[in-house]
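Hi,

Here is the structure I promised to pass on. Please load it before reading the notes below.

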Amino acid sequence: MALNRFNINEIRKQFPVLDQHVYGKPLVYFDNAATTQKPLCVIERERDYYLHENCNIHRGVHYLSQMATEAYENARKTVAQFVNAKQPQEIVFTRGTTESLNLLATSLGQLLVNQGDKVVVSAMEHHSNMVPWQQMLMRSKGELLVIRMDKKGVLDLNHYEELLKQRPKIVSIAHISNTLGTVNPIKEMIAMAHKYDIPVIIDGAQSMAHQVIDVQDLDCDFYVFSGHKMYAPMGIGGLYGKMEWLEKMPPYQFGGEMVDTVSFEKTTFNKVPFKFEAGTPNVGAALGLETAVKFIQSFDRQEVEAYEDELLEYATEQLANIEGTRFIGQAPKRNGLISFVIDGIHPYDLGTIIDKMGVAVRTGHHCAEPVMTFFGIPGTVRASFAMYNTKEEINIFVKAVERAANMLK
Ligand code: PLP
């Protein structure tokens with residue numbers, strides 16, 4: 001495939017939503033960690049599906065159903081190839097990261113976690129990678145072990161090693177923190193857990209759009225993600241799992257599609273991945289996800305990553321000039337986002353005022369309350385970037401923050 005030149009004006013044309021005014025000001029969209037905008041090709045793919053192809057899949061003998069089934073299974077192949085899974089069947093479609101993690105806490109939990117057993121997460125997890133484990137462990141009277149981090153937002157690997165020696169049954173950690181931007185050394189952490197034969201789940205919600213993911217090279221047992229954070233529609237995402245695990249795991253939800261034979265006495269289940277996909281899936285969104293993957297692949301990934309790093313560095317430099325700015329998350333390896341507070345100003349007030357200046361950022365605890373507790377703050381202002389953002393937008397954002405801070409002091 002011929003690669004698109006990284007031409008920011010051309011890229012922005014793909015995202016008409018960016019070209020609008022809010023409160024009479026040009027929109028600056030820096031809430032990409034919450035959800036990215038969607039390019040025209042993705043919107044058109046989903047629209048086309050409903051205009052010409054819509055049908056329930058896997059069960060019809062007629063033309064439309066067969067076409068839709070083939071398209072859905074091709075989308076699975078594209079995602080599998082994107083993360084370098086060994087086979088398409090290792091990709092299970094879900095609603096997104098949250099559903100994938102709930103599936104794993106239930107199904108892998110049922111397979112591996114017995115009364116009193118332990119599961120390891122890190123101190124910087126999103127609630128989605130913490131609460132499902134906590135709830136599952138409450139039922140099994142087990143214990144959640146939490147890898148410590150330092151004030152820069154770097155995980156303590158010595159502490160991790162100590163926790164592994166307690167023989168937890170599962171490790172589940174974020175690739176990139178959605179509050180701190182820390183890129184965790186997951187390859188090393190996976191290898192450390194494997195020395196104790198412990199399977200590792202990686203929460204890739206914040207990484208799929210920004211980094212090249214190779215699940216075979218990482219050797220992770222599971223990798224979970226959300227389509228809407230990587231230019232795809234909402235309501236679709238998935239999990240990669242090594243086939244040997246998926247085959248052993250019990251189903252998560254029950255109903256149509258996931259069964260093989262059913263009688264009132266007994267039910268046998270379909271093969272992987274269908275065993276985990278009960279009910280009618282979001283076919284249109286899966287096709288949108290496939291298009292989003294192809295969109296990402298149409299660029300030189302290194303070039304995009306370098307550009308996004310440049311944006312992050314520039315925003316950090318510019319914000320540092322504002323008096324009282326304190327960055328929350330100063331790990332040497334960060335990606336995609338910047339979290340900060342300004343002394344004496346509530347992040348919510350700052351976010352609300354800069355919104356009126358056309359700048360969309362996220363404020364609050366970012367679904368990671370324990371991280372805020374750790375830093376002793378109510379929340380942060382988070383600016384998160386995508387490939388379509390520019391330095392000019394950063395200039396507008398920094399000026400807006402400066403003005404708002406002056407108004408609030
Ligand atoms: N994990 C991380 C690191 C996230 O950033 C998010 C969303 O912000 C999630 C999990 C949950 O993703 P979703 O709401 O798409 O299920």
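**Cysteines first, then the ligand**

Cys 55 is buried, at a relative accessible area of 15%. Keep in mind that this is a predicted model. Cys 367 is partly exposed, and its relative accessible area is 34%.

Now the ligand. Where does the ligand sit? In the largest pocket. Part of its surroundings comes from Thr 97, Thr 98, His 126, Ser 128 and Asn 178. Asp 203, Ala 205, Gln 206, Ser 226, His 228 and Lys 229 complete the list. By class, that shell counts eight polar residues, two charged and one nonpolar.

- Thr 98: a polar side-chain atom is 2.5 Å from a ligand oxygen.
- His 228: an N or O atom of the side chain lies 2.7 Å from an oxygen atom of the ligand.
- Gln 206: here the distance from a side-chain N or O atom to a ligand oxygen is 2.8 Å.

As for cover, the ligand taken alone exposes 390 Å². The protein buries 85% of that.

That is the handover.

Best regards

Definitions and conventions
Residues numbered from 1 in each chain as written. Predicted model: local features only at pLDDT ≥ 70, side-chain atom pairs only at ≥ 80, totals over all residues. Heavy atoms only, no water. Near = heavy atom within 4 Å. Polar contact = N/O pair within 3.5 Å; in protein donor to acceptor, adjacent residues only side chain to side chain. Areas by Shrake-Rupley, 256 points an atom, 1.4 Å probe, with all protein chains shown as cover. 1 Å grid on protein atoms, 1.4 Å probe; cavity = no way out; pocket = protein on both sides within 12 Å on 5 of 7 lines; lining within 4 Å. Sits in = over half its atoms within 2 Å of the grid points. Nonpolar A, V, L, I, M, F, W, Y, C, P; charged D, E, K, R; others polar. Buried < 20%, exposed > 50% of the residue type's maximum accessible area, 1.4 Å probe, protein only.
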